[in-house]
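Here is a short tour of one model, with its packing and its ring contacts in view. Have the sequence and the structure at hand as you read.

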Amino acid sequence: MDSGEQVFVFEEVAKRKERDDCWLLISGKVYDVTQFLEDHPGGDEVLLAASGKDATQDFEDVGHSDDARNMMKKYYIGEVDSTTVPPSNKIKPQTYSVTQKDDEPGFLFKILQILVPILILGLAFGFQFLGKKEKTEA
């Protein structure tokens, strides 16, 4: 950092989140994007939603072009004192576990689902065979 560079505390940056006074904090650098709100390709609401917090992740998630990154230099006004930035709220990924519920069919039920149709088919063929055998004997 140059000695003449302005350093802001996070609280000062965070309160600049209105249409007539909008600052963004991206990678420790502060940008006054008030004049850019109307020209932003994603609309002014995107910038306003990213203001008042550390917008680094929001900015990186979009995947801005090199031209967009170069354009940022025009709006750069200083750095943020990193000791004043609150830790980001990391969202924990949800974990899922699969458990067998008591009302789910057990192993024995699954075996019966297979054996009962086979037994019915066996009986049907058996009766058919017995019916043919009785006709031949009569």
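Buried means under 20% relative accessible area, exposed over 50%, and partly exposed in between (1.4 Å probe, protein chains only).

## About the model

This is a predicted model, in which local features need pLDDT of at least 70 and side-chain atom pairs count only at pLDDT 80 or more, while totals for chains, interfaces and linings use all residues. Residues are numbered from 1 along each chain as its sequence is written, and side-chain values use heavy atoms, with hydrogens and water left out.

## Aromatic pairs

How many aromatic pairs does a search of the whole structure find? There are three, where rings of Phe, Tyr and Trp (its six-membered ring) pair if their centres lie within 6.5 Å, and planes under 30 degrees apart count as stacked, over 60 as edge-to-face and the rest as tilted.

One of them is edge-to-face: Tyr 31 and Tyr 76, 5.9 Å centre to centre with 65° between the planes. Tyr 31 belongs to strand 4 (residues 29-32) and Tyr 76 to strand 5 (residues 76-80), so this pair ties together parts 45 residues apart in sequence. Strands here are DSSP runs (E, at least two residues), and helices are runs of H or I, at least four, numbered from the N terminus. Tyr 31 is buried, at 9% relative accessibility, whereas Tyr 76 is partly exposed at 28%.

Phe 36 and Tyr 75 form a tilted pair, 5.3 Å centre to centre and 45° between the planes. Phe 36 counts as buried because its relative accessibility is 13%.

## A charge over a ring

The charged end of Arg 16 sits over the ring of Trp 23, 4.1 Å from its centre; the criterion is NZ of Lys or CZ of Arg within 6 Å of the ring centre and within 35 degrees of the ring normal.
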